[in-house]
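Welcome, and thanks for opening the viewer. Get your selection tool ready, and we will walk from stop to stop together.

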Protein chains: 2
Amino acid sequence: MPVAPRLGEFERIARFFAPLAGPGALGLLDDAALIDPPPGRQLVVTADAIVAGVHFLAADPPDLVARKLLRVNLSDLAAMGAMPLYYLLTTSLPESCDEDWLASFAAGLAADQSEFRVSLLGGDSVATPGPATLSLTAIGSVAPGRAVRRNGAVAGDTVYVTGTIGDAALGLAVLTGALEIADAGERDFLADRYRLPQPRLATGTALPGIAHAMQDVSDGLVADLGHICAVSGVAGVIEGDAVPLSPAARHALDRDPGLLARILAGGDDYELLFTSSGDNAAAIAALARPPGSPITPIGRIVAGSGVRVLDRAGRDIALATPGFRHF
Amino acid sequence: MPVAPRLGEFERIARFFAPLAGPGALGLLDDAALIDPPPGRQLVVTADAIVAGVHFLAADPPDLVARKLLRVNLSDLAAMGAMPLYYLLTTSLPESCDEDWLASFAAGLAADQSEFRVSLLGGDSVATPGPATLSLTAIGSVAPGRAVRRNGAVAGDTVYVTGTIGDAALGLAVLTGALEIADAGERDFLADRYRLPQPRLATGTALPGIAHAMQDVSDGLVADLGHICAVSGVAGVIEGDAVPLSPAARHALDRDPGLLARILAGGDDYELLFTSSGDNAAAIAALARPPGSPITPIGRIVAGSGVRVLDRAGRDIALATPGFRHF
């Protein structure tokens, strides 16, 4: 009997992706998909690409690769205050991504589709002689004029961040062997934070009208506050001690204070970073109560430009890492 | 003096892509972009990815790579009867795609943005150790319920195609040295048809309410009619002699009748393939008058399944090429 041939493009789409198709996707059988825009809403769209060996490890579990790809895009929607609706996906895959890989990848998408109530709208599947390259376009919606942009920070604002910072950067260091952590539970926690970010959609969608400026923390806390400050024409001050750390990150930092730069500048946190004025403090505290994500004030916006990180005594902390960008 | 460093991601975006940003793109400074859906319209979205060495040649002029990438997506919108509005672009580029490459790539996009009245909405720029991989998501609009799908072909319909078929497949053969053509003008014409497809937007957007089923010819005329037939539950018959050929393709076929399979099954035509009933013949003829694209009846839809290609005497033409798929 002949060996079963590799699945062709159409069979791959039919087997792995068509089951993920939602309303408007037309079963992935047409040239394009249809969206009925939610009445009275603006649409919000974002796209991110990831490459094996650059943004994820070729040996990473495919379901986690899929979920991280989707989640980093959902995090971008959250950072605009938008509710996710749909996504389109293009996959450029080498031969080594076989049917088992695809089945796991699709299972990861299916899990997150139910968790975040989004569905696949369309895309493309092509072959590549290079590393796996995945591009995702996410589409959400927001009330007209209510999207939270980066350019609204004003002097006097407090700077807030959700969740904890630095876990993902430490998790990557653990996964690549650059950092040793004895406690298996802490190791797994940090690795998981790198591999499976939590898009802060409940918090993000509650922040229009409250946050003056917002983005998610992907390049690193300091660099990302720098982006907000640059487009808002202001400066940022971060109180280093106020930055929220997980117990695992706190323990690692206690053992090696040199990890501070990696924590503050490492990125991949996918927490929300936003500014707001003092009269919104009660509303923000209410949002942070369980089951909401924790929200921590970490600094302030002042006149000027650039971002400073201060220690307990009010002295500048120098962060000379490749991830850190001066503004 | 130090050597000028390679441009970072932000500088690349600011220099090459921000000038392409249109309404809603927020200057490419935010996590996502905003769309105000045109009142009373459905949105139509599609995504395609292309890889150097697979879908284009690494040495191809970057402006033509950009324009083809955009145009194949616009062709998908045309095939739904949709008007294009915006696009998002993710680029995964190796070091060899330097600033000169990017400048040419962006110039190609700028040229087609004005030709087709679309603008850049967002995207991502990442580095890759592999071949250049480009993914584009195009967004258009159509009157609600008027998008033309693939599944509407019925027995008795006439099959139509715009423009001419086979030029791009012959052009690729010329560019890769698989086909020799003495006439420089014909050579250039065929190569240009491969490198710079013409999305049939004027025709496509006029066909809702007229075409029963439609898609663009990308996989090859026979395979693509097969897609329409498969989802419509009908069979297709193509009169081989009726398929419209350019003078260059006609001359090549006269010299080598063996090229017929490449012409009918080679693909990359990006012409519109649609079916309609006889009572629309006058409307279709009117659409085909200059300055409209030529529209040629090439066959018919019958009961059954699969696609046959017949010669002048009504005998089946066998097309045994890798591009041809049996249904």
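## First stop: a loop in chain A

Select Arg117(A), which lies in the loop between helix 3 (99-116) and strand 4 (119-127) of chain A; helices (H or I, at least four residues) and strands (E, at least two) are DSSP runs, numbered from the N terminus. This is a predicted model, in which local features need pLDDT of at least 70 and side-chain atom pairs count only at pLDDT 80 or more, while totals for chains, interfaces and linings use all residues. Residues are numbered from 1 along each chain as its sequence is written, and chains are lettered from A and ligands numbered from 1 in the order in which they are written.

Is Arg117(A) buried or exposed? Arg117(A) is exposed, with 12 other C-beta atoms within 10 Å (buried means 20 or more such atoms within 10 Å, exposed 12 or fewer, partly exposed in between, with C-beta atoms placed from the backbone). Its phi is positive, near 55°, although Arg117(A) is not a glycine. Most residues other than glycine have a negative phi.

Now pick Leu28(A), in the loop between helix 1 (9-17) and strand 1 (33-35) of chain A. Leu28(A) also has a positive phi, of about 60°, and it counts as partly exposed because it has 19 C-beta neighbours inside 10 Å.

## Second stop: the proline pairs

Go to Pro290(A) and Pro291(A): the peptide bond between them is cis, with omega near 5°. Pro291(A) sits in the loop between helix 10 (281-288) and strand 10 (295-302) of chain A. In chain B, a cis peptide bond joins Pro290(B) and Pro291(B), with omega about 5°.

Show helix 2 (residues 62-80) and helix 3 (residues 99-116) of chain B, which pack at an angle of about 40° with their axes 6 Å apart; axes are lines fitted to C-alpha atoms, for helices over the stretch in contact, and angles run from 0 to 180 degrees between N-to-C directions. Which residues of helix 2 of chain B meet helix 3 of chain B? Among them are Leu70(B) and Leu74(B), while the helix 3 side includes Trp101(B) and Phe105(B) (contact means C-beta atoms, placed from the backbone, within 7 Å).

## Last stop: zoom out

Finally, display chain A, with its 10 helices and 11 strands. Buried residues make up 54% of its 327 residues.

Conventions: Contact = placed C-beta atoms within 7 Å.
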